[in-house]
Amino acid sequence: MFYRANNKIVSINNVKEITLQTFGSGAKSNPFQYTIRIDYFGEENVFLEFHSNKALAEQTLEEIFEILTKTP
């Protein structure tokens, strides 16, 4: 099973954990940056970067969740 986000297509098979991470302070000189980290069994991980687009990061996390919970 695969998911396309921004300029990446990633596998969402064998996923151990998915985390929405926030970096930065929110100040004009250090704006919030959003990343989804996908951890797989076997110690591998992938990062999906959304820069300052919090809404898109949250929407992507929700879409991946829906796909994973509908899979038997």
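# Briefing: fold, helix packing and local features

Along the sequence, the elements of the protein run in the order β-β-β-β-β-α, giving one helix and five strands. Helices (H or I, at least four residues) and strands (E, at least two) are DSSP runs, numbered from the N terminus. The model is predicted, and local features need pLDDT of at least 70, side-chain atom pairs count only at pLDDT 80 or more, and totals for chains, interfaces and linings use all residues. Residues are numbered from 1 along each chain as its sequence is written, and side-chain values use heavy atoms, with hydrogens and water left out.

**Overall dimensions and surface**

- The C-alpha trace spans about 45 × 25 × 20 Å along its principal axes.
- Of the 72 residues, 24% count as buried; buried means under 20% relative accessible area, exposed over 50%, and partly exposed in between (1.4 Å probe, protein chains only).
- The protein exposes about 5,100 Å², of which carbon and sulfur atoms supply 52%; accessible areas come from the Shrake-Rupley method with a 1.4 Å probe, and for residues only the protein chains shown count as cover.
- Among contacts (heavy atoms within 4.5 Å) with a separation of 6 or more, 34% join residues 24 or more positions apart.

**Helix α1**

- Helix α1 covers residues 54–70, and its 17 residues should span 24 Å at 1.5 Å a residue, which agrees with the 25 Å between its end C-alpha atoms; the expected span is 1.5 Å times one less than the number of residues.
- Ala-57, Thr-60 and Ile-64 are the buried residues of α1.
- These buried residues line one face of the helix, because they fall within an arc of 65° seen down its axis; the arc is that of the directions from the helix axis to the C-beta atoms.
- The buried residues of α1 pack against β1 (2–5), β3 (15–23), β4 (33–40) and β5 (45–49).
- On the face turned away from the buried side, α1 carries the exposed residues Ala-55 and Lys-70.

**Aromatic pair**

- A search of the whole structure finds one aromatic pair.
- Phe-32 and Tyr-34 form this pair, which is tilted, at 6.4 Å centre to centre and 40° between the planes.
- Rings of Phe, Tyr and Trp (its six-membered ring) pair if their centres lie within 6.5 Å; planes under 30 degrees apart count as stacked, over 60 as edge-to-face and the rest as tilted.
- Phe-32 is partly exposed at 36% relative accessible area, whereas Tyr-34 is buried at 9%.

**Positive phi values**

- Most residues other than glycine have a negative phi.
- Asn-6 has a positive phi near 55°; Asn-6 lies in the loop between β1 and β2 (8–11) and is partly exposed at 41% relative accessibility.
- Glu-43 has a positive phi of about 75°; Glu-43 lies in the loop between β4 and β5 and is exposed at 71% relative accessibility.
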